[in-house]
Amino acid sequence: PFYETGEGLEFALERSRNPRCLAISKRRKKATGDGFDVEAYFYVLDGTIYQCPTIDALATSRLRKAGNYLTKAFGEMRAECDRLDE
């Protein structure tokens, strides 16, 4: 059958311990039939589908958040030093 040897997209249910939260992978089958490349992950929680962020988006978000905290901390430290210098 075409779905065993052909290329294309497929969605696969990943292992799940909890029936209320399912994990699904979107993957592209290779034409050679020797595997697939995962394009995205989704999870279904209580009937609502959510797309998981990529590792790049996750790392970028966390680095921005850390940068904001550092900027705020240095600003407060500078204000405290200026107050002590008066």
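Here are legends for a handful of close-up views of this predicted model.

Residue numbers start from 1 along each chain as its sequence is written, and side-chain values use heavy atoms, with hydrogens and water left out. Since the model is predicted, local features need pLDDT of at least 70 and side-chain atom pairs count only at pLDDT 80 or more, while totals for chains, interfaces and linings use all residues.

**View 1. The whole chain, end to end.** The chain holds 2 helices and 4 strands, with helices (H or I, at least four residues) and strands (E, at least two) taken as DSSP runs numbered from the N terminus. Read from the N terminus, the order is α-β-β-β-β-α. The C-alpha atoms fill a box of roughly 80 × 30 × 15 Å along the principal axes. The radius of gyration is 23 Å, whereas a compact globule of 86 residues would come in near 12 Å (C-alpha atoms; the globule rule is 2.2 Å times the number of residues to the power 0.38).

**View 2. The open sheet.** The 4 strands line up as β1-β2-β3-β4 with antiparallel pairing; two strands pair if DSSP finds at least two bridges between them. β1 (8-13) and β4 sit at the edges with a single partner strand each, so one side of each has no neighbour in the sheet. On average, neighbouring strands are turned by 30° against each other, direction ignored (axes are lines fitted to C-alpha atoms, for helices over the stretch in contact, and angles run from 0 to 180 degrees between N-to-C directions). Between β1 and β2 there are 6 bridges, and Phe 11 stands opposite Lys 26 in β2.

**View 3. The β3-β4 hairpin.** Strand β3 (residues 36-45) runs antiparallel to strand β4 (residues 48-51), and 4 bridges join them. Phe 42 faces Gln 51 across the pair. The hairpin has 2 residues between its strands, and Asp 46 takes a positive phi near 50° there.

**View 4. Arg 27 and its surroundings.** Arg 27 belongs to strand β2 (residues 21-29) and counts as buried because its relative accessibility is 17%. Its side chain makes a 2.7 Å polar contact with that of Glu 10 (N or O atoms within 3.5 Å; within protein, one must be able to donate a hydrogen and the other to accept it, and residues adjacent in sequence count only if both atoms are side-chain atoms). Leaving out residues up to four places away in sequence, Arg 27 touches several others, including Leu 9, Phe 36 and Val 38; contact means heavy atoms within 4.5 Å.

View 5. Arg 20 and Asp 46 form a salt bridge, with the closest N and O atoms 2.9 Å apart (a side-chain nitrogen of Lys or Arg within 4 Å of a carboxyl oxygen of Asp or Glu). Arg 20 is in the loop between β1 and β2 and Asp 46 in the loop between β3 and β4, so the pair ties together parts 26 residues apart in sequence. Arg 20 itself is exposed, at 52% relative accessibility.

View 6. Asp 37 is partly exposed at 43% relative accessibility, and Lys 30 is partly exposed at 34%. Another is Glu 80 with Arg 83, at 2.5 Å; both lie in helix α2 (residues 55-85), 3 residues apart, or about one turn of the helix.

Terms used
Buried means under 20% relative accessible area, exposed over 50%, partly exposed in between (1.4 Å probe, protein chains only).
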